[in-house]
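Welcome! Take a moment to look over the protein shown here, and then we will walk through a few of its features together.

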Amino acid sequence: MGVNRSLLFLSLVVCSFVVILAQDPADGWMAYAVGAVPEGTKRITRFEAKWKVGASPSEGEAFFSPWFGMDPADNLNLIQPVNPWSGSGWSMYTEYYEWDTGYNSNSDSYDVNSGQTLHGTLVYIPSTDSYNLTQVCLFSIVSIRS
(Lines give C-alpha, C1' and ligand atoms only; values in the text may rest on other atoms or scores of the structure.)
Protein backbone atom coordinates (compact mmCIF):
# COMPACT_ATOMS: atom_id res chain seq x y z
CA MET A 1 0.00 0.00 0.00
CA GLY A 2 2.86 2.41 0.79
CA VAL A 3 4.48 1.73 -2.58
CA ASN A 4 1.20 2.50 -4.38
CA ARG A 5 0.85 5.81 -2.52
CA SER A 6 4.47 6.68 -3.34
CA LEU A 7 3.90 5.90 -7.02
CA LEU A 8 0.69 7.93 -7.02
CA PHE A 9 2.47 10.88 -5.40
CA LEU A 10 5.37 10.61 -7.86
CA SER A 11 2.92 10.46 -10.77
CA LEU A 12 1.14 13.59 -9.54
CA VAL A 13 4.44 15.46 -9.15
CA VAL A 14 5.55 14.47 -12.66
CA CYS A 15 2.16 15.40 -14.15
CA SER A 16 2.23 18.76 -12.35
CA PHE A 17 5.74 19.41 -13.63
CA VAL A 18 4.66 18.60 -17.20
CA VAL A 19 1.64 20.91 -16.91
CA ILE A 20 3.88 23.73 -15.67
CA LEU A 21 6.30 23.25 -18.58
CA ALA A 22 3.67 22.86 -21.31
CA GLN A 23 2.49 26.39 -22.07
CA ASP A 24 0.08 25.63 -24.91
CA PRO A 25 -2.85 25.62 -24.85
CA ALA A 26 -3.35 28.70 -22.72
CA ASP A 27 -6.46 29.12 -20.58
CA GLY A 28 -9.39 30.29 -22.66
CA TRP A 29 -8.35 28.69 -25.95
CA MET A 30 -11.33 27.16 -27.74
CA ALA A 31 -9.36 24.78 -29.97
CA TYR A 32 -5.84 23.46 -30.17
CA ALA A 33 -4.04 20.95 -32.39
CA VAL A 34 -0.67 19.25 -32.04
CA GLY A 35 1.48 18.00 -34.89
CA ALA A 36 4.76 16.18 -35.09
CA VAL A 37 7.53 16.23 -37.67
CA PRO A 38 8.61 12.90 -39.20
CA GLU A 39 11.34 11.03 -37.35
CA GLY A 40 14.79 12.31 -38.35
CA THR A 41 13.45 15.77 -39.22
CA LYS A 42 15.20 18.53 -37.30
CA ARG A 43 12.73 21.33 -37.88
CA ILE A 44 9.78 22.59 -39.87
CA THR A 45 11.10 24.71 -42.76
CA ARG A 46 7.79 26.07 -44.06
CA PHE A 47 4.32 26.32 -42.59
CA GLU A 48 1.50 28.28 -44.22
CA ALA A 49 -2.26 28.68 -44.22
CA LYS A 50 -4.97 30.70 -45.95
CA TRP A 51 -8.30 31.59 -44.36
CA LYS A 52 -11.20 33.99 -44.77
CA VAL A 53 -11.74 36.64 -42.13
CA GLY A 54 -14.89 35.69 -40.25
CA ALA A 55 -18.14 37.58 -40.00
CA SER A 56 -18.18 40.35 -37.42
CA PRO A 57 -19.80 39.19 -34.17
CA SER A 58 -23.29 40.50 -33.58
CA GLU A 59 -22.71 41.16 -29.87
CA GLY A 60 -20.04 41.60 -27.29
CA GLU A 61 -16.79 43.36 -26.85
CA ALA A 62 -14.69 40.22 -26.23
CA PHE A 63 -11.24 39.82 -27.73
CA PHE A 64 -10.73 36.68 -29.73
CA SER A 65 -8.30 35.72 -32.44
CA PRO A 66 -8.17 32.95 -35.04
CA TRP A 67 -4.55 32.07 -35.78
CA PHE A 68 -2.15 29.30 -36.60
CA GLY A 69 1.38 29.10 -35.33
CA MET A 70 4.09 26.87 -34.03
CA ASP A 71 6.50 26.54 -31.18
CA PRO A 72 9.31 24.09 -30.44
CA ALA A 73 8.93 20.92 -28.40
CA ASP A 74 9.48 22.85 -25.14
CA ASN A 75 6.47 25.10 -25.97
CA LEU A 76 8.32 28.24 -24.90
CA ASN A 77 8.68 30.31 -28.12
CA LEU A 78 5.49 30.84 -30.10
CA ILE A 79 5.49 32.38 -33.60
CA GLN A 80 2.21 33.09 -35.35
CA PRO A 81 0.25 35.22 -37.80
CA VAL A 82 -2.88 36.37 -35.94
CA ASN A 83 -6.28 37.75 -36.96
CA PRO A 84 -7.88 39.26 -33.84
CA TRP A 85 -11.32 40.75 -33.32
CA SER A 86 -10.82 43.75 -31.01
CA GLY A 87 -14.46 44.34 -30.15
CA SER A 88 -14.97 46.82 -32.97
CA GLY A 89 -13.13 45.35 -35.97
CA TRP A 90 -10.74 42.74 -37.40
CA SER A 91 -7.00 43.19 -37.81
CA MET A 92 -3.94 41.17 -38.78
CA TYR A 93 -0.35 41.08 -37.56
CA THR A 94 2.42 38.62 -36.72
CA GLU A 95 3.57 37.81 -33.21
CA TYR A 96 6.50 36.28 -31.35
CA TYR A 97 5.86 35.31 -27.73
CA GLU A 98 8.18 33.83 -25.07
CA TRP A 99 6.10 31.90 -22.53
CA ASP A 100 8.77 31.76 -19.83
CA THR A 101 9.64 35.48 -19.79
CA GLY A 102 6.38 37.01 -21.06
CA TYR A 103 8.30 38.86 -23.78
CA ASN A 104 6.00 39.67 -26.71
CA SER A 105 6.81 41.28 -30.06
CA ASN A 106 4.10 42.17 -32.56
CA SER A 107 4.49 43.53 -36.08
CA ASP A 108 2.49 46.56 -37.16
CA SER A 109 -1.24 45.84 -37.17
CA TYR A 110 -3.48 46.39 -40.20
CA ASP A 111 -7.26 46.52 -40.43
CA VAL A 112 -8.96 43.81 -42.48
CA ASN A 113 -12.62 43.16 -43.30
CA SER A 114 -14.92 40.18 -43.03
CA GLY A 115 -14.68 37.96 -46.11
CA GLN A 116 -11.13 38.97 -47.06
CA THR A 117 -8.62 36.15 -47.46
CA LEU A 118 -5.43 36.15 -45.37
CA HIS A 119 -2.29 34.16 -46.18
CA GLY A 120 0.19 33.56 -43.38
CA THR A 121 3.63 31.94 -43.72
CA LEU A 122 6.42 30.87 -41.38
CA VAL A 123 9.61 30.17 -43.36
CA TYR A 124 12.88 28.94 -41.83
CA ILE A 125 16.07 30.87 -42.73
CA PRO A 126 19.07 28.53 -42.20
CA SER A 127 21.73 31.27 -42.42
CA THR A 128 20.34 33.03 -39.33
CA ASP A 129 18.66 30.03 -37.67
CA SER A 130 15.43 32.01 -37.52
CA TYR A 131 11.98 32.25 -39.10
CA ASN A 132 10.47 34.87 -41.37
CA LEU A 133 6.82 35.47 -40.50
CA THR A 134 4.50 37.08 -43.02
CA GLN A 135 0.81 37.69 -43.34
CA VAL A 136 -0.81 39.27 -46.36
CA CYS A 137 -4.36 40.12 -47.29
CA LEU A 138 -5.17 38.68 -50.72
CA PHE A 139 -7.42 41.07 -52.57
CA SER A 140 -9.73 39.87 -55.31
CA ILE A 141 -8.84 41.02 -58.78
CA VAL A 142 -11.94 41.87 -60.75
CA SER A 143 -11.83 41.32 -64.49
CA ILE A 144 -14.29 43.31 -66.54
CA ARG A 145 -15.04 42.37 -70.15
CA SER A 146 -16.84 44.67 -72.52
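Predicted model: local features only at pLDDT ≥ 70, side-chain atom pairs only at ≥ 80, totals over all residues.

Residues are numbered from 1 along each chain as its sequence is written, and side-chain values use heavy atoms, with hydrogens and water left out.

**The nonpolar core**

- A nonpolar core is a set of buried Ala, Val, Leu, Ile, Met, Phe, Trp, Tyr and Cys residues joined through side-chain atoms within 4.5 Å; buried means under 20% relative accessible area, exposed over 50%, and partly exposed in between (1.4 Å probe, protein chains only).
- The largest such core here holds 13 residues, and Val 112, Leu 118 and Leu 122 have the most contacts inside it.
- Two or more residues of this core come from each of strand S3 (90-98), strand S6 (117-125) and strand S7 (130-138); strands (E, at least two residues) and helices (H or I, at least four) are DSSP runs, numbered from the N terminus.
- Setting aside neighbours within four places in sequence, Val 112 has contacts (heavy atoms within 4.5 Å) that include Val 53, Trp 90, Leu 118 and Cys 137.

- S6 and S7 pair in the antiparallel sense over 9 bridges; two strands count as paired if DSSP finds at least two bridges between them.
- Leu 122, named above for its core contacts, has Leu 133 in S7 as its bridge partner.
- The two strands form a hairpin with 4 residues between them, and Asp 129 in the turn has a positive phi of about 50°.

**Salt bridges**

- Side chains of opposite charge can pair when their charged atoms come close.
- A salt bridge is a side-chain nitrogen of Lys or Arg within 4 Å of a carboxyl oxygen of Asp or Glu, and the count here is 2.
- Asp 129 forms a salt bridge with Arg 43, their closest N and O atoms being 3.3 Å apart.
- That pair links distant parts of the chain, 86 residues apart: Asp 129 lies in the loop between S6 and S7, and Arg 43 in the loop between H1 and S1.
- Glu 48 forms a salt bridge with Arg 46, with the closest N and O atoms 2.9 Å apart.
- Is Arg 46 buried or partly exposed? Arg 46 counts as partly exposed because its relative accessibility is 47%.

- Val 37 is found in the loop between helix H1 (2-21) and strand S1 (46-52).
- Val 37 is partly exposed because its relative accessible area is 37%.
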